[in-house]
Amino acid sequence: MWFFIALLISNPSWSADPNKPHPHQGIATQFKNPKRSDLTATQEAKLKSGQSVKTQVKAGNGGRGIAVMDIQATPDRVWQIITSFEKYPDWIDELSLCEVYGKSDESVKAKFIISTLMIKVEYYIQHRLHKADGYLTWSLDYSKESDLDDSTGYWLIYPSPADPTKTRVEYSVDIRIKGWVPSFIEDMLADQGLEDATRWVKRESEKG
């Protein structure tokens, strides 16, 4: 919900044209070979209790958040869930479409539409798959114009150091919104985005 409030404040109308290139080739952090987070004993205890650990880093007109969680599932199962792009609308509230339009062993391009409160936001993401190394990164597909100014991030997947029967998953996203957004809305947006991501991945990975 806070995502759409931010969008309303920053830019009440949207006119992205996927037949045109994006206005720039990236302003947010581009993630390559992400590293595991160093957690404190308190944070490890929080993970052990079944909760996630979340932090935020402000950056430009938006910010980067990091969420860490332990999931009772194998790395292969978690990887299967986060790469089942066509099923995202069934799992993520307010996401009305996720349509793959380009795919190879190392890359998946997908169109996303999120909609609520009479707002439709369309954007195009290129995912880069590094399954052997346990991570997936993404950025906008800059060959197409998106309603978002920029979005980059990663999933990092590895056996939990605290419990070998679980998988530790780290999720980080840097979102830039066109226009001006108040700082308190940025904070709520980043926090809610992390909360939403940890919830659906954990839920779907632990099913069955």
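Modeller: The account below begins with the whole chain and then turns to one strand and its surroundings.

This is a predicted model, in which local features need pLDDT of at least 70 and side-chain atom pairs count only at pLDDT 80 or more, while totals for chains, interfaces and linings use all residues. Residues are numbered from 1 along each chain as its sequence is written, and side-chain values use heavy atoms, with hydrogens and water left out.

The protein contains five helices and eight strands; these are DSSP runs numbered from the N terminus, a helix (H or I) having at least four residues and a strand (E) at least two. Read from the N terminus, the order is α-α-β-β-α-α-β-β-β-β-β-β-α. Of its 208 residues, 48% are buried, where buried means under 20% relative accessible area, exposed means over 50%, and partly exposed lies in between (1.4 Å probe, protein chains only).

Strand β7 (residues 150-159) pairs with β8 in the antiparallel sense over ten bridges; two strands pair if DSSP finds at least two bridges between them.

A salt bridge is a side-chain nitrogen of Lys or Arg within 4 Å of a carboxyl oxygen of Asp or Glu, and nine are found in the whole structure. Side chains of opposite charge can pair when their charged atoms come close. R168 forms a salt bridge with D70, the closest N and O atoms being 2.8 Å apart. Because D70 lies in strand β2 (residues 62-71) and R168 in β8, this pair ties together parts that are 98 residues apart in sequence. R168 and D70 are both buried, R168 having a relative accessibility of 2%.

R168 also meets E44 in a salt bridge (3.0 Å, N to O). E44 belongs to helix α2 (residues 41-48), so its pairing with R168 links parts 124 residues apart in sequence. E44 is partly exposed, with a relative accessible area of 26%. Taken together, E44, D70 and R168 are linked in a network of salt bridges.

The nonpolar surroundings complete the picture. A nonpolar core is a set of buried Ala, Val, Leu, Ile, Met, Phe, Trp, Tyr and Cys residues joined through side-chain atoms within 4.5 Å. The largest such core has 38 residues, and those with the most contacts inside it are Y88, F112, Y123, W155, W200 and V201. Strand β5 (residues 119-130) gives the largest share of this core, five residues. Apart from it lies another core of five residues, including F31, Y154, L156 and Y158.

Strand β6 (residues 135-140) holds Y135, which is buried at a relative accessible area of 8%. Leaving out residues up to four places away in sequence, Y135 touches N33, P34, W79, R128, L129, H130, W155 and L156, a contact meaning heavy atoms within 4.5 Å.
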